[in-house]
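This report describes the fold of one protein chain, from its overall make-up to a few local details. Please look at the sequence and the structure first.

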Amino acid sequence: MKSNKKYLSLLLLSAFIIFSSCILIRQKAKPTLFLIGDSTVKNGKGKGDGSLWGWGSFIGNFFNTDKINVENDALGGTSSRTFQTNGLWDAVLLKIKKGDFVMIQFGHNDSSPLDDTARTRGTIGGVGMESKDTFNPIKKKQEVVYTYGWYLRKFINDIKAKGATPIVCSSIPRNPVKDGKVVLVDDRYAGWAQEVAKAEKVDFIPLNQLIKDKYSALSAPQVQTYFTEKDHTHTNEAGARLNAEAVVAGLKAIKSNQLKDYLK
């Protein structure tokens with residue numbers, strides 16, 4: 001009789017452990033939206049240091065975080081090249097699992113020189129397969145530098161290989177106010193980002209154009225209120241919030257992306 005009770009107790013304990021494990025597995029299976037990009041996605045630690053904000057600091061407000069995690073892994077000063085060559089992408093890629101999503105936004109720093117002694121972060125313009133063997137003065141070694149499109153494709157293919165969903169965003173526009181007027185110009189990196197996304201058959205958010213559409217309806221003083229006075233690239237909190245809203249609007253316009261299911 002005692003052995004039967006002991007057996008029953010062990011059986012109940014085993015059932016409880018299995019049940020608890022299932023709950024933990026389900027919790028761990030919650031998908032994650034990863035953000036990668038430069039300071040216009042995350043400036044500093046993402047807490048508004050110097051009144052500079054990236055839109056990634058506010059995008060989580062639009063998602064039901066009971067159903068999806070939002071992780072902002074962007075880093076200021078990076079290009080599509082240095083985010084990969086400095087090991088940042090490898091660290092993010094290790095965390096990506098099947099069913100996750102990754103938003104990609106680079107371009108602002110890709111136009112920098114290929115081999116300057118300051119940051120050595122530039123990429124070759126365009127989306128082709130061109131490359132250049134150059135000396136990296138910071139790392140003090142030779143490095144093969146590729147096109148902006150090559151690095152974007154590398155992100156996309158790595159994400160797909162993990163069973164996750166890549167979403168390419170064109171970079172936000174710089175401050176368009178010049179001589180008291182709103183001067184909106186085409187951004188070649190925005191065009192290249194769209195070209196790569198189309199060729200790779202992945203979803204694309206025309207963030208650059210969506211934001212410019214908002215600016216076109218405003219006066220120069222109104223547009224100026226979205227930017228810091230420190231430079232012509234970085235947004236303040238109001239600008240970052242406006243950009244986050246544009247990201248969500250672009251996401252909603254994509255017909256079949258499952259990430260929309262996690263919006264509030």
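## Overall make-up

Of the 264 residues of the protein chain, 47% count as buried. The model is a predicted one. Its protein chain contains 8 helices and 9 strands. Among contacts in the chain with a separation of 6 or more, 69% are between residues 24 or more positions apart.

## The parallel sheet

An open sheet is built from 5 strands, in the order β2-β1-β3-β6-β9, and the pairing is parallel. At the edges stand β2 and β9 (203–205), each with a single partner strand, so one side of each has no neighbour in the sheet. From one strand to the next, the twist averages 20°.

The pairings can be followed strand by strand. Strand β1 (residues 32–37) is joined to strand β2 (residues 69–72) by 4 bridges, and the two run parallel. Within this pair, Leu33 has Val70 of β2 as its bridge partner. β1 also pairs with strand β3 (residues 101–105) in the parallel sense, over 5 bridges; here Phe34 stands opposite Val102 of β3. In turn, β3 pairs with strand β6 (residues 165–169), again in the parallel sense, over 4 bridges. Ile104 stands opposite Val168 in β6.

## Surroundings of the sheet

How many of the residues of β1 are buried? The count is 6 of 6, and the strand is mostly covered. Both of its faces are covered. One side carries Thr32, Phe34 and Ile36, the other Leu33, Leu35 and Gly37, and all of these are buried.

Helix α5 (residues 188–199) lies across β6 and β9.

## Packing of α6 and α8

Helix α6 (residues 207–216) packs against helix α8 (residues 237–252) at an angle of about 120°, and their axes are 9 Å apart. α6 is therefore oblique to α8. The crossing of the two helices is right-handed.

On the α6 side, the contact is made by Leu207, Leu210, Ile211, Lys214 and Tyr215. On the α8 side, Leu242, Asn243, Ala246, Val247 and Gly250 take part. By type, the residues of this contact divide into 7 nonpolar, 2 polar and 1 charged.

## The β4–β5 hairpin

Strand β4 (residues 131–136) and strand β5 (residues 141–146) run antiparallel and are joined by 6 bridges. Asn136 stands opposite Lys141 in β5. The two strands form a hairpin, with 4 residues between them.

Lys140 is located in the loop between β4 and β5. Its phi is near 55°, a positive value in a residue other than glycine. Is Lys140 buried or exposed? With a relative accessible area of 64%, Lys140 is exposed, because the cut-off for that class is over 50%.

Where is Asp179 found? Asp179 sits in the loop between β7 (177–178) and β8 (181–182). Although Asp179 is not a glycine, its phi is positive, at about 55°. Asp179 counts as exposed, at 81% relative accessibility.

Terms used:
Residues numbered from 1 in each chain as written. Predicted model: local features only at pLDDT ≥ 70, side-chain atom pairs only at ≥ 80, totals over all residues. Heavy atoms only, no water. Axes fitted to C-alpha atoms, helices over the stretch in contact; angles between N-to-C directions. Parallel < 35°, antiparallel > 145°, perpendicular 65-115°, else oblique. Left-handed = near helix turned anticlockwise from the far one by under 90°. Contact = heavy atoms within 4.5 Å. Nonpolar A, V, L, I, M, F, W, Y, C, P; charged D, E, K, R; others polar. Buried < 20%, exposed > 50% of the residue type's maximum accessible area, 1.4 Å probe, protein only. Pairing = 2+ DSSP bridges.
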